[in-house]
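Hi there,

Here is the structure I promised to pass on. Please have a look at it, and below it you will find my notes on what turned up.

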Amino acid sequence: MKRALLLLLFPLAACSGDGEPTETPTPATSSPPPALTAADGRDYGACLDGTCEVLVSGPVDIALTGQGGVDRIAVRAVTAGGIEFATADGSGSLTPGCVSTLYENGSGSRCSSGEPEKPKPVDGVLAMQVVDVRDGTAVLRLVSGAVGPPPSSLRPPMPVIPTWRP
């Protein structure tokens, strides 16, 4: 009789205190990252004034009204590492975390680690930034001030012409 009682109690040990069978925990599944979004979506016309945030997935021409001395940016390709682009003055590439500045008679770039800071508008300068790139799509941010010459710190130096004295 004692053996029968023990055999009846053993199966109950696998149940929780409320009489329900316990469940084996399953490993948590990670959810995919959220889809990329941009303030202006794919409305490249929003970039005409030199300030926009758009999604780019392939070759596209973005018209401007002369910000930074640039009338058009041609995005040639979106790569795993950023974008390849061209202007009338040349071509280049841009990766997340870097800002490329374009202005009459020059250009520059700077990169930072961590979360990229949004460029500030500067008259005469067009700043380009890749915010993120994923699955063949990039978020491209353009920031500019008014059309015109860049600040004096970005202008080429004036040549010094020696004066002749008899």
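Let me begin with Gly 106, which counts as partly exposed because its relative accessibility is 30%. Please keep in mind throughout that this is a predicted model. Gly 106 belongs to strand E7, which covers residues 106–111.

Strand E7 pairs with E6 in the antiparallel sense, and six bridges hold the pairing.

Strand E6 deserves a look of its own. Of its six residues (98–103), five are buried, so the strand is largely enclosed by the rest of the structure. E6 also runs antiparallel to strand E8 (residues 125–134), to which five bridges join it. Within that pairing, Leu 102 has Leu 126 in E8 as its bridge partner.

How many disulfides does a search of the whole structure find? There are two, and with bonded cysteines counted along the chain they follow the pattern 1-2, 3-4.

The disulfide between Cys 98 and Cys 111 has an S to S distance of 1.9 Å. This pair links distant parts of the chain, with Cys 98 in strand E6 and Cys 111 in strand E7, 13 residues apart. The torsion about its S-S bond is about 105°, so the link of Cys 98 and Cys 111 is right-handed. Are the two partners buried or exposed? Cys 98 is buried, because its relative accessible area is 9% and the cut-off for buried is under 20%. Cys 111, on the other hand, counts as exposed because it reaches 54%, where exposed means over 50%.

The other disulfide joins Cys 47 to Cys 52, with S to S at 1.9 Å. Its torsion about the S-S bond is 90°, and the link of Cys 47 and Cys 52 is right-handed. Here both Cys 47 and Cys 52 are buried.

There is also a sheet to look at. It is open and made of four strands in the order E2-E3-E4-E5, with antiparallel pairing. Its edges are strand E2 (60–63) and strand E5 (90–94), each of which pairs on one side only. From one strand to the next, the twist averages 25°. E2 and strand E3 (residues 72–79) are paired over four bridges, in the antiparallel sense, and Asp 61 stands opposite Ala 74 in E3.

Finally, the chain as a whole. The protein chain has one helix and nine strands, and along the sequence they read α-β-β-β-β-β-β-β-β-β. Of its 166 residues, 31% count as buried. The accessible surface of the protein chain comes to about 11100 Å², and carbon and sulfur atoms account for 58% of that. Among contacts between residues at least 6 apart in sequence, 42% join residues at least 24 apart.

Happy to talk any of this over.

Best wishes

Key
Residues numbered from 1 in each chain as written. Predicted model: local features only at pLDDT ≥ 70, side-chain atom pairs only at ≥ 80, totals over all residues. Heavy atoms only, no water. Helix = DSSP H or I, 4+ residues; strand = E, 2+ residues; numbered from the N terminus. Buried < 20%, exposed > 50% of the residue type's maximum accessible area, 1.4 Å probe, protein only. Pairing = 2+ DSSP bridges. Axes fitted to C-alpha atoms, helices over the stretch in contact; angles between N-to-C directions. Contact = heavy atoms within 4.5 Å. Areas by Shrake-Rupley, 256 points an atom, 1.4 Å probe, with all protein chains shown as cover. Disulfide = S-S within 2.5 Å.
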